[in-house]
Amino acid sequence: MAATAAFRETSAAEAVQSAFPPPPLSATPVDRAAWIAAFHHVRDETERRAAPLSPEDQQVQSMADASPTKWHRAHTTWFFEQFLLREHLPGYAIYDERLHYLFNSYYVAAGPRQPRIMRGLITRPTADEVAAYRAHVDRSVDALLSQASASALEAVLPVLEIGLYHEQQHQELLVTDILHAFAQNPLGPAYDADWRFPRLQSAGGRAELRRGIVPIGHAGEGFSFDNESPRHDALIQGGTIDRALVTNGQWRDFMADGSYARPELWLSDGWIAAQAEGWEAPGYWREAEGGWASMTLAGIRPVDPDLPVTHISYYEADAYARWAGRDLPTEFEWEVAAREDLLPDAFGLVWQWTRSAYTAYPGYRPVDGALGEYNGKFMSNQFVLRGSSVATPQGHARVGYRNFFYPHQRWQFTGLRLSDARS
């Protein structure tokens, strides 16, 4: 299937609809066919996203933060084998114990692992052998879901569900990681020559944020990651939030004012990072004849001033807000505005930096076991992003979703919108 199938233009409303709607975990009798269909929908999407890539493309690791496509395909398979099959399918024989060292990521309780910065050195198994591993695990999950008793499924389905959302996270990383790799290639290869960035939905303006105490976090219906709970009250100071995202044209005004060379606009760590990395423009921008160009999934293209700026770090977003005399919204302001349908471009374009540090909600406790390492141990030195991006699989976005990255990172589709808080 062509790569464009994974990246068709969608509206904000479509972006938050589930693309694989399994019944609620509490539904009885369990709809086994729906769960099996959901499993194959997600697994097939990973392969669709990998299909345009050669074996050589799938092998490359362009930096420590990125992983090879082949590794993403194998790691998501390991996840189901490690947490679902070996725990819940009686008599299941591990496909190859050696793969558990190669394709564990950061689950310390699950055993030792290949260092992250060395994932690109895993030339064997080959891409075709990883495909065989995926097929074996898929058949075994089918057997488990078909044969397990109703009581056994009570333990199986929650693990299956988190595995589906986990794989969707890696589908997004698969795309952003290969874009970073292609950006290092002087030929500027295209992942999909027909890919186009979706157009902005909002014409601009500001939405009012009312002052008050509001409930924040997962309301208890549908799936959520553990870091979206517990639901709790938060204070909204009031003010406004922009309906539209900051565009490339607006960012060029920031650049034209010499802002990358003005230390008074930058956090100290941000200034150090910008100087050390030689930042003069967003990630993937390069000077070209007639203006700026950018590396995109379609290859090198002229920068469109009307599209949202992307591939910027938190430090850059913070400096831009200071230059504009504005603020970045808190994650709570963003969530309230999105729930009230005030942000037409909340989903499906770029993840939006907030000024909220990634920390635990009041009363948060990680789940027991190795899966408890999924989110909680990363709640330090990172910032929250809200929304979703053009690379986010359809059905993965939620209003309460808390993405998080370190403030210097910018290889994801990260952008911003501005706000004004009342004093």
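Residues are numbered from 1 along each chain as its sequence is written. In this predicted model, local features need pLDDT of at least 70 and side-chain atom pairs count only at pLDDT 80 or more, while totals for chains, interfaces and linings use all residues; side-chain values use heavy atoms, with hydrogens and water left out.

T28 and P29 are joined by a cis peptide bond with omega of about -5 degrees. P29 sits in the loop between α1 (12–15) and α2 (32–50); here helices (H or I, at least four residues) and strands (E, at least two) are DSSP runs, numbered from the N terminus. Another cis peptide bond links S229 and P230, with omega of about 0 degrees, and P230 belongs to the loop between β2 (212–216) and β3 (232–236).

Positive phi angles also turn up. H311, although not a glycine, has a positive phi of about 60 degrees, and its place is in the loop between β7 (299–302) and α10 (314–323). In N381, also a residue other than glycine, phi is near 65 degrees; N381 lies in the loop between β8 (351–357) and β9 (383–386). H311 counts as buried because its relative accessibility is 3%, whereas N381, at 61%, counts as exposed (buried means under 20% relative accessible area, exposed over 50%, partly exposed in between, with a 1.4 Å probe and protein chains only).

Next comes the sheet. Three strands form an open sheet in the order β1-β4-β12, with antiparallel pairing (two strands pair if DSSP finds at least two bridges between them). Since β1 (206–209) and β12 (419–421) stand at the edges with a single partner strand each, one side of each is left without a neighbour in the sheet. Strand β4 (residues 239–242) is joined to β12 by 3 bridges, and I241 stands opposite S419 in β12.

Finally, the largest pocket holds about 820 Å³ of space. On a 1 Å grid over the protein atoms alone, a pocket is an open set of points where a 1.4 Å probe fits, with protein on both sides within 12 Å along at least five of seven lines, and lining residues have an atom within 4 Å of a point. Grid points are joined across faces, edges and corners, and the volume is the space filled by probe spheres set on the points. Of the 35 lining residues, Y106, R116, L173, F404 and F405 are the closest to the centre of this pocket. The largest share of the lining, 6 residues, comes from α7.
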